[in-house]
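Thanks for sending this one over. Here are my notes, for you to read with the model open beside them.

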Amino acid sequence: MKTTTKFISIITAAAILSAATARAQQEVFRPIVKEGDVMGFTKPVPITVSGFSGEVEQVLRFDLEVQGFKLVSDGTPQYEVVGSNAGSVQARLSDRISKTPIFSKAYTGGSLRTRAHALADDVVAALTKRKGIGQTKIAFKVDTGAASEIYIADFDGHNAHPVTRDNTIVAAPVWVPGRLALYYVSYKLGNANIFRHDLGTGARSAFARYGGSNFSPAVSPDGSKVAMILSKDGWVDLYVSNTDGSGLKRLTRSPQDESSPCWSPDGQWVLFAGKSGERRVLMKVSPSGGEPVRIPTSGVSNPSEPEWSPDGKWIVFTSQGSGFTICVVPADGSAAAIPLVEGEDPSWSPNSRTVVFARRTGSGRVLSVLDVFTKQYKDVSRIPGGNSQPSWAK
Amino acid sequence: MKTRNYLNLLVCVLALTTLVTVGCKKKPVGVTPLPNAKSGGQVGDLPPGGILPGGENTGGMGNSGTGTSTTGFPAGPGHAGWSEDRAALQTETVYFDYDSSTIKGSEKSKIENVAAYLKSHGSAAVKVEGNCDERGTEEYNRALGERRALAIREYLINSGITPDSVDTVSYGEDKPAAPGHNEAAWKKNRRGEFVVLTAPK
């Protein structure tokens with residue numbers, strides 16, 4: 001793990017390739033925008049995984065590669081997973097250098113995919129001290145052209161199913177922290193309104209139906225408040241209210257538009273995309289009111305769609321230039337923004353290591369999962385149509 | 001990840017350099033609240049939607065929530081149940097420049113035509129639908145589309161139309177008029193459309 005804290009600027013993709021070893025070239029990853037020793041940005045950790053087949057092998061590969069590992073098939077990297085999925089899923093993780101087994105486990109309940117995710121999580125936890133993301137959920141929007149619906153899936157896009165069948169436009173699903181519930185925008189009643197959807201019972205209730213448009217909901221970390229964008233007073237502004245609709249408070253008064261609010265993990269700030277003059281900027285404001293404070297995003301242009309990492313350290317956002325780029329910046333503004341990969345609308349995993357985002361292809365948007373600190377990313381399983389606006393359950 | 005002390009060291013610098021005032025303390029000019037701006041909160045529930053089978057854990061690590069109430073605001077939207085006519089003012093669709101909600105000189109006569117139509121159909125109302133091209137993130141475009149609809153609405157109000165009879169909606173980039181990925185399509189998609197609303201008989 002590199003500890004250099006200086007920003008070492010761009011190394012081209014060609015340099016990365018020439019610097020990489022032969023074993024690394026066997027692994028096919030999507031183009032990396034930048035690489036460098038930037039505040040914890042690292043090369044992937046090589047690991048061998050052998051003895052598995054089919055779906056189990058696919059799940060292990062996907063989960064480990066989007067969590068900072070690189071699966072190699074030759075050489076003798078430090079870490080080794082040996083096992084099988086004949087009958088139950090069994091595995092032994094060992095350290096070749098210290099010649100010690102780290103764990104040896106068998107996985108029985110649940111589907112084969114669930115067992116493989118559990119094994120991947122154990123490897124991640126043992127080697128990185130982070131809780132893995134293998135058994136987490138995402139919500140997202142699927143646009144078929146005529147209409148759009150909200151879907152829920154495993155973080156890798158598998159086990160997806162729609163939770164709306166309204167045949168209208170929906171947008172911007174977000175999870176209630178720690179709850180089986182979503183807020184999202186639906187045009188079912190004719191306008192852009194915000195609804196709450198309990199995923200345990202299916203019950204849905206209107207949350208915001210003011211005159212004009214009601215959109216971009218964001219639930220506070222303690223679940224007690226919702227930030228949102230309303231136009232009811234004639235401008236597109238940022239508001240916050242309690243979850244029962246009481247205590248509505250207007251947080252901005254600007255003829256420019258605000259968009260995409262989110263919360264700091266301590267609930268002390270609402271972060272949003274706004275404008276300073278004609279310039280698009282990120283800003284934060286106290287949910288109890290006051291002057292918005294600019295978040296510096298030097299080095300990139302037109303920031304929008306910010307999301308604060310659950311550990312409080314980072315803000316991930318979309319920069320718009322000739323295309324769209326996922327970027328991160330330290331939440332305290334102590335360094336320039338770092339472009340990661342092409343894409344938009346990022347959402348953090350609960351462990352603050354990975355983000356799910358949308359990227360545009362010739363056939364519409366697909367979702368992809370990005371390991372922020374190695375910049376490795378892989379597309380998730382796709383529902384027919386455009387897949388966008390992912391929100392990672394936290 | 002290792003602790004990065006320098007991040008903390010620079011907090012003070014950040015605080016000094018990033019205090020940017022963006023609020024507007026002046027009396028708002030050219031802003032008219034929407035009908036029912038002061039009401040219309042939690043009414044009009046949707047029929048039940050899907051559930052997450054098995055009630056699986058989502059894997060999240062968040063705090064537990066405090067739950068919600070179903071008590072709502074007393075009133076609903078102003079023109080619910082009114083019939084919609086998309087054809088009457090189809091020729092008056094207003095077009096915008098990229099990333100702009102400014103009404104161009106070439107478009108003003110269209111809005112004036114809409115105002116004249118509303119004055120000659122005294123009981124009618126109008127819904128202004130703001131739309132965007134695909135060059136923007138989705139929620140940014142939803143905001144931009146609303147800003148376009150509001151700009152048209154303000155022009156109508158300044159032309160003598162009562163604020164209560166002009167609704168707005170933004171579809172962002174969700175309802176393109178042309179499907180292509182080039183300027184020819186984009187210029188058709190950056191638009192405001194008019195839907196005539198008539199009270200139920």
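1. A word on conventions. This is a predicted model, in which local features need pLDDT of at least 70 and side-chain atom pairs count only at pLDDT 80 or more, while totals for chains, interfaces and linings use all residues. Residues are numbered from 1 along each chain as its sequence is written, with chains lettered from A and ligands numbered from 1 in the order in which they are written.

2. Domains of chain A. The domain assignment gives domain 1 (13–128) and domain 2 (137–392); such bounds come from an automatic or database assignment. Taken over C-alpha atoms, the centres of domain 1 and domain 2 of chain A are 31 Å apart.

3. An open sheet in chain A. Here 4 strands run in the order 8-7-6-29 with antiparallel pairing. Strand 8 (161–162) and strand 29 (386–392) are the edges, each pairing on one side only. Strands are DSSP runs of E with at least two residues, and helices are runs of H or I with at least four, both numbered from the N terminus; two strands pair if DSSP finds at least two bridges between them. Strand 7 (residues 148–154) of chain A joins strand 8 of chain A over 2 bridges, and A:Ile152 stands opposite A:His161 of strand 8.

4. The largest nonpolar core. This core has 138 residues, and A:Tyr183, A:Val270 and A:Ile315 touch the most other members. By definition, a nonpolar core is a set of buried Ala, Val, Leu, Ile, Met, Phe, Trp, Tyr and Cys residues joined through C-beta atoms within 7 Å. Buried means that 20 or more other C-beta atoms lie within 10 Å of a residue's own, exposed means 12 or fewer, and partly exposed is in between, with C-beta atoms placed from the backbone. Helix 4 (residues 138–158) of chain B gives the most to this core, with 9 residues. Domain 1 (13–128) and domain 2 (137–392) of chain A both contribute residues, so the core lies between them.

5. Helix 4 of chain B. Its 21 residues reach 30 Å from first C-alpha to last, close to the 30 Å expected at 1.5 Å a residue (that is, 1.5 Å times one less than the number of residues). Helix 4 of chain B is mostly covered, with 18 of its 21 residues buried. Just after this helix, B:Gly160 takes a positive phi of about 100 degrees.

6. Chain B overall. Its secondary structure comes to 5 helices and 5 strands. Of its 201 residues, 36% count as buried.
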